[in-house]
Amino acid sequence: LVDSHVTILRVKDSFPSIVLSYFMFFQEDYIGTLGKGSTNQLELGRDAILRLSIPDIDSKTLLEYKNVFDSFNQLIQNCAKQKLILEEMVDRACLECFSIN
């Protein structure tokens with residue numbers, strides 16, 4: 001379920017959704033200027049999204065960058081897992097070092 005505060009973007013099957021995701025991430029600052037509203041809940045309407053211009057990218061390049069962005073996502077997930085492990089190690093070391101017996 002979505003309401004007027006959620007915008008759903010769909011791509012053609014031939015356009016990798018991950019490429020759109022990274023395009024939107026790349027345009028985040030600009031997209032932030034497109035919202036309208038007087039409260040802390042800005043609306044990002046269809047007309048604003050239609051002002052975004054996604055470059056016309058050939059199929060071969062789309063596939064290459066889909067693979068690049070997939071690799072980035074995998075690296076990000078690996079780093080997140082490593083961060084959790086390191087945080088647990090820090091917690092254990094702090095408990096051992098600073099616990100009062």
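This is a predicted model: local features need pLDDT of at least 70, side-chain atom pairs count only at pLDDT 80 or more; totals for chains, interfaces and linings use all residues.
Visitor: How many helices and how many strands does the protein chain have?

Guide: The protein chain has 4 helices and 0 strands.

Visitor: What makes Ile8 partly exposed, rather than buried or exposed?

Guide: Ile8, which is found in the segment before helix 1, has a relative accessible area of 46%. Buried means under 20% and exposed means over 50%, with partly exposed in between, so Ile8 at 46% is called partly exposed. The C-alpha atom of Ile8 is separated by 9.4 Å from that of Arg46, although the two residues are 38 residues apart along the chain.

Visitor: Why is Ile54 called partly exposed?

Guide: Ile54, in the loop between helix 3 and helix 4, has a relative accessible area of 39%, and because this value falls between the limits of 20% and 50%, Ile54 is called partly exposed. Between the C-alpha atoms of Ile54 and Met24, which are 30 residues apart along the chain, the separation is 9.4 Å.

Visitor: Which residues lie nearest the centre of the largest pocket, and what kinds of residue make up its lining?

Guide: Ile54 is one of the residues nearest the centre, together with Leu9, Arg10, Val11 and Leu20, in a lining of 19 residues. Helix 1 (17-26) and helix 3 (46-50) are the elements that give two or more residues to this lining. By kind, the lining divides into 14 nonpolar, 1 polar and 4 charged residues, and the space in the largest pocket is about 480 Å³.

Visitor: How does the radius of gyration of the protein chain stand against that of a compact globule of 101 residues?

Guide: A compact globule of 101 residues would have a radius of gyration near 13 Å, but the protein chain has 21 Å. Along its principal axes the C-alpha trace spans about 65 × 45 × 25 Å, and of the 101 residues 16% count as buried.

Conventions: Residues are numbered from 1 along each chain as its sequence is written. Side-chain values use heavy atoms; hydrogens and water are left out. On a 1 Å grid over the protein atoms alone, a cavity is a set of points where a 1.4 Å probe fits but cannot get out, and a pocket is an open set with protein on both sides within 12 Å along at least five of seven lines; lining residues have an atom within 4 Å of a point. Grid points are joined across faces, edges and corners, and a volume is the space filled by probe spheres set on the points. Ala, Val, Leu, Ile, Met, Phe, Trp, Tyr, Cys and Pro count as nonpolar, Asp, Glu, Lys and Arg as charged, and the others, Gly among them, as polar. The radius of gyration is taken over C-alpha atoms; the globule rule is 2.2 Å times the number of residues to the power 0.38. Buried means under 20% relative accessible area, exposed over 50%, partly exposed in between (1.4 Å probe, protein chains only).
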